[in-house]
Amino acid sequence: MPFPIHRPRRLRRTEAIRNLVRETRLSPHSLVYPLFVCPGANVRDEIKSMPGNFRWSVDRLVEECRAASDAGVPAVILFGIPEKKDEVGSDAYDPEGIVQRAVRALKKALPNLIVLCDLCLCEYTSHGHCGVVKGTEIDNDATLDLLAKTAVAQAEAGADFVAPSDMMDGRVARIRAALDARGFSHIPILAYSAKYASGFYGPFREAADSAPQFGDRRSHQMDPANQREALREIALDVEEGADIIMIKPALPYLDVIALARREFDVPIAAYQVSGEFSLIEAAARLGWIDRERIILESLTAIRRAGADIILTYFAKEFARKLA
Ligand code: PBG
């Protein structure tokens, strides 16, 4: 008979003891801070549905990254809002494209900051789709060439990682081959491997003005109902050469993170996406939740499920608290 011999409450009696036996610890070392960069100078344009997040011009982005880095954030991921969008997303792979300019400025000012580049065409295409549109369909194989070109442009600008988020089939292999052919065999790929077709990306699409002009992303992003399929997507990306795999969104897909942790030995990232951020901020503004407590609990849950790395809009604010 366990009780009264066993009393789990003995280890919960004081904060010091709870600290001693804690299984999951958060650290600023695992945080990646997502940022939006736009043309112009001295721009700091708040995103309405993501309070505290801004579209930054390159000059102000550098300052924000310096502050994040000083707070202990080791890495940022960049999303570009180009001056002009077109059918084929040219700004994504233009050497003078917005993200390439931002990377060059960041690596010059803050050489130790890890700079990841989100790699997708949807922020750059006039129709808002993640690839080349033929009729009403996205042409997978025609898109791969443009993704590969974008990866090379990002690496040439100085990106430390490329992070394909487009969910085209075969893109990791194609990007790997393109990088290797241009002397970038040392640049790792963080693949958004299990990226679900999620309503939680709503605020991001306002931020990047990237909502599809017709249709949706269900022909390439995953069905939220599927778990086994995530393992298959991850296995394919690992075979194709992904160095880190990602699951996105995070909190609604903890089961997928936990399963991936058991099945794969590569580092796992999880993206606490814009909608996850905005839900917390909105409820906090209404006074309905304890904001800090919920943020810490959410980040802890994502780590506990098995994520090594967390992309979160709370990174800059929380890095110091987690140190
Ligand atoms: C695509 C991309 C998206 C996000 C990250 N990369 C948007 C989408 O797929 O519609 C969403 C991130 C977020 O919601 O915070 N480039």
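How do the residues of the lining of the largest cavity divide into nonpolar, polar and charged? I worked on a predicted model, and this was the question I began with.

**Entry 1, cavity.** I looked for cavities of 30 Å³ or more and found one in the structure. I noted a volume of about 150 Å³ for the largest cavity. I then listed its lining, which comes to 19 residues. Nearest the centre of the largest cavity I recorded Phe79, Lys195, Tyr201, Phe204 and Lys248. I also looked up which elements give two or more residues to this lining, and they are strand 9 (190-195) and helix 6 (202-208). To settle the opening question, I sorted the lining residues of the largest cavity: nine are nonpolar, four polar and six charged.

I turned to helix 7 (residues 228-240) and helix 8 (residues 254-263). I found that their axes come within 10 Å and cross at roughly 45°. I put down the crossing of helix 7 past helix 8 as right-handed.

Which residues make the contact between the two helices? From helix 7 I listed Ala230, Leu231 and Ile234. From helix 8 I listed Val256, Leu259, Ala260 and Glu263. I sorted the residues of this contact too, and got six nonpolar, no polar and one charged.

Methods: Residues are numbered from 1 along each chain as its sequence is written. This is a predicted model: local features need pLDDT of at least 70, side-chain atom pairs count only at pLDDT 80 or more; totals for chains, interfaces and linings use all residues. Side-chain values use heavy atoms; hydrogens and water are left out. Axes are lines fitted to C-alpha atoms, for helices over the stretch in contact, and angles run from 0 to 180 degrees between N-to-C directions. Helices (H or I, at least four residues) and strands (E, at least two) are DSSP runs, numbered from the N terminus. A crossing is left-handed if the near helix is turned anticlockwise from the far one by less than a right angle, and right-handed if clockwise. Contact means heavy atoms within 4.5 Å. Ala, Val, Leu, Ile, Met, Phe, Trp, Tyr, Cys and Pro count as nonpolar, Asp, Glu, Lys and Arg as charged, and the others, Gly among them, as polar. On a 1 Å grid over the protein atoms alone, a cavity is a set of points where a 1.4 Å probe fits but cannot get out, and a pocket is an open set with protein on both sides within 12 Å along at least five of seven lines; lining residues have an atom within 4 Å of a point. Grid points are joined across faces, edges and corners, and a volume is the space filled by probe spheres set on the points.
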